[in-house]
Amino acid sequence: MKIAILGFGTVGSGVYEIAKTLKNIEVKKVLEKDLSKINIATDSYDEIINDKEIELVVECVGGLHPAYEFIMKALQNKKSVVSANKAVIAKYLDEFLKTSKENNVEFRFEASVGGGIPCLASIQKIRRVENIDKFYGIFNGTSNFILDNMYRLENKFFTSLKTAQKLGYAEADPSADIDGYDVTNKVIISFALAYDGFIKNEFPCFTMKNITKEDILYFKKQGFVAKYIGEATTKGNEYEASVMLNLFPINALEANVLSNYNIITVQSHTMGEVKFYGQGAGKLPTANSIIQDILDIQTKISFNPISIKKKYTYSSNLFKHKYVIRSNEKLKGNFERIDRDGNNFYHYTKEITQADLLKLVEEKDYLVVKLSEY
């Protein structure tokens with residue numbers, strides 16, 4: 001199969017590197033502004049689109065635009081597309097699936113969630129047999145690196161963030177990772193395969209940048225480790241989802257996921273809890289997932305047809321959970337307990353709904369942490 005790669009950055013070059021080792025995949029063109037990067041580079045997308053030998057396009061440019069236009073044009077010209085771009089997939093998945101079906105080609109996106117971890121394929125396999133009760137996990141390696149660095153080395157938040165940036169785990173603008181946009185996108189994509197519905201980012205997403213060294217040390221004394229978690233579940237045609245810090249007991253698997261690793265859990269009736277652990281990003285792990293999608297398209301392997309026609313409504317009153325709210329003043333309310341540590345007050349709620357939680361914190365800059373039930 002002859003393919004083209006759009007973008008020759010970290011992931012694109014990784015795809016090329018692995019493809020070179022395989023006899024049944026040939027990279028014919030690479031879309032790249034810098035033509036000196038590789039001898040098969042072109043700066044003309046039309047050259048790729050008009051090449052009838054190229055059956056599949058790998059989108060590695062990232063962001064929303066021109067990635068959206070590149071993907072749509074490839075599908076409309078009857079070329080299958082593989083992408084790891086969670087931002088564009090979370091926004092336009094419905095259009096991509098509709099257009100690929102109309103043109104009898106494939107749109108695959110395993111690498112968009114969990115990098116090298118085959119969690120989306122596993123969700124599809126589970127769905128062949130039964131419904132999924134819920135999924136949750138550490139979906140973002142940068143946020144996990146920061147929290148792990150704060151916990152083990154007792155560093156401040158921005159010290160840990162700077163370390164992540166120096167090591168290449170965090171971008172110069174880290175907002176997608178630390179404010180939860182990246183995890184939100186991955187929850188939306190995972191939800192599509194788990195529940196056959198395409199939701200929008202209307203569920204709560206709490207930034208993790210409010211957590212301090214003092215918070216980490218306080219929670220450590222209580223026997224807890226903080227992790228940044230995305231999760232979702234359904235009840236009938238309603239769903240609940242969130243992106244927020246969770247507290248895990250020190251012996252929980254999630255509490256012991258170190259550095260920039262991910263762990264994603266899927267729960268169903270006969271399987272119970274299945275956990276997928278590994279490199280959630282990185283050049284070769286992500287490229288490996290993209291290559292796996294290419295090979296599946298080539299050999300016509302499909303684990304479960306993707307349908308996102310089911311309609312779900314977000315509900316903030318679906319389930320009840322316990323939370324911890326930290327502020328520098330004592331809050332009014334019916335709390336289970338309130339601890340004071342230094343200048344901080346830690347308010348432990350009773351089991352309340354997301355709606356109740358949002359009323360408690362309003363738009364204030366409190367730290368909000370869920371007491372994990374897992």
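Colleague: Leaving aside its neighbours within four places in sequence, which residues is Asp182 in contact with?

Modeller: Please bear in mind that this is a predicted model. Asp182 is in contact with Lys86, Phe139, Asn140, Ala176 and Asp177, its neighbours within four places in sequence being set aside. The residue itself is placed in helix 9.

Colleague: Why is Asp182 called buried?

Modeller: Its relative accessibility is 6%. Buried means under 20%, and therefore Asp182 counts as buried.

Colleague: What makes the pair Asp182 and Lys86 a salt bridge?

Modeller: Their side chains meet at 3.5 Å, N to O. The limit for a salt bridge is within 4 Å, between a side-chain nitrogen of Lys or Arg and a carboxyl oxygen of Asp or Glu, so this pair of Asp182 and Lys86 qualifies. Asp182 lies in helix 9 and Lys86 in helix 4 (residues 86-102), so the pair ties together parts that are 96 residues apart in sequence. Lys86 has a relative accessible area of 27% and is partly exposed, because that term covers values between 20% and 50%.

Colleague: What joins the side chains of Asp182 and Lys186?

Modeller: A polar contact of 2.8 Å joins them. The cut-off for a polar contact is 3.5 Å.

Colleague: How many salt bridges does a search of the whole structure find?

Modeller: The search finds 24. One of them is between Asp196 and Arg127, with the closest N and O atoms 3.1 Å apart. Asp196 lies in the loop between helix 9 and helix 10 and Arg127 in helix 5, so the pair ties together parts that are 69 residues apart in sequence.

Colleague: Why is Asp196 called partly exposed, and why is Arg127 called buried?

Modeller: The boundary between the two terms is 20% relative accessible area. Asp196 has 22% relative accessibility and therefore counts as partly exposed. Arg127 has 16% and therefore counts as buried.

Colleague: What is the distance between the closest N and O atoms in the salt bridge of Lys364 with Glu362?

Modeller: Those atoms are 3.0 Å apart. Lys364 is partly exposed, with a relative accessible area of 45%, and Glu362 counts as partly exposed at 49% relative accessibility. Elsewhere, salt bridges that share partners join Lys2, Lys28, Asp51 and Glu53 into one network.

Colleague: Which residues line the largest cavity?

Modeller: The lining consists of Gln124, Arg127, Ala192, Leu193, Asp196, Asn304, Pro305, Ile306 and Ser307. Helix 5 (119-127) and helix 9 (181-195) each supply at least two of the lining residues. The space within this cavity is about 50 Å³, and the count of cavities of 30 Å³ or more comes to one.

Colleague: What makes Asp215 a buried residue?

Modeller: Asp215 has a relative accessibility of 0%. The term buried applies under 20%, so Asp215 counts as buried. The residue lies in helix 10 (residues 213-221).

Colleague: Which side chain makes a polar contact with the side chain of Asp215?

Modeller: The side chain of Tyr346 does, at 2.6 Å. The side chain of Asp215 also reaches the backbone nitrogen of Thr212, at 2.9 Å. Neighbours within four places in sequence aside, Asp215 is in contact with Asn210, Arg326, Asn344, Tyr346 and Leu367.

Colleague: What makes helix 3 a mostly covered helix?

Modeller: Helix 3 (residues 67-76) has 10 residues, and seven of them are buried. The buried residues are Ala67, Tyr68, Phe70, Ile71, Met72, Ala74 and Leu75. Helix 3 is followed by Lys78, which has a positive phi, near 60 degrees.

Terms used: Residues numbered from 1 in each chain as written. Predicted model: local features only at pLDDT ≥ 70, side-chain atom pairs only at ≥ 80, totals over all residues. Heavy atoms only, no water. Buried < 20%, exposed > 50% of the residue type's maximum accessible area, 1.4 Å probe, protein only. Helix = DSSP H or I, 4+ residues; strand = E, 2+ residues; numbered from the N terminus. Contact = heavy atoms within 4.5 Å. Polar contact = N/O pair within 3.5 Å; in protein donor to acceptor, adjacent residues only side chain to side chain. 1 Å grid on protein atoms, 1.4 Å probe; cavity = no way out; pocket = protein on both sides within 12 Å on 5 of 7 lines; lining within 4 Å. Points joined across faces, edges and corners; volume = space filled by probe spheres on them.
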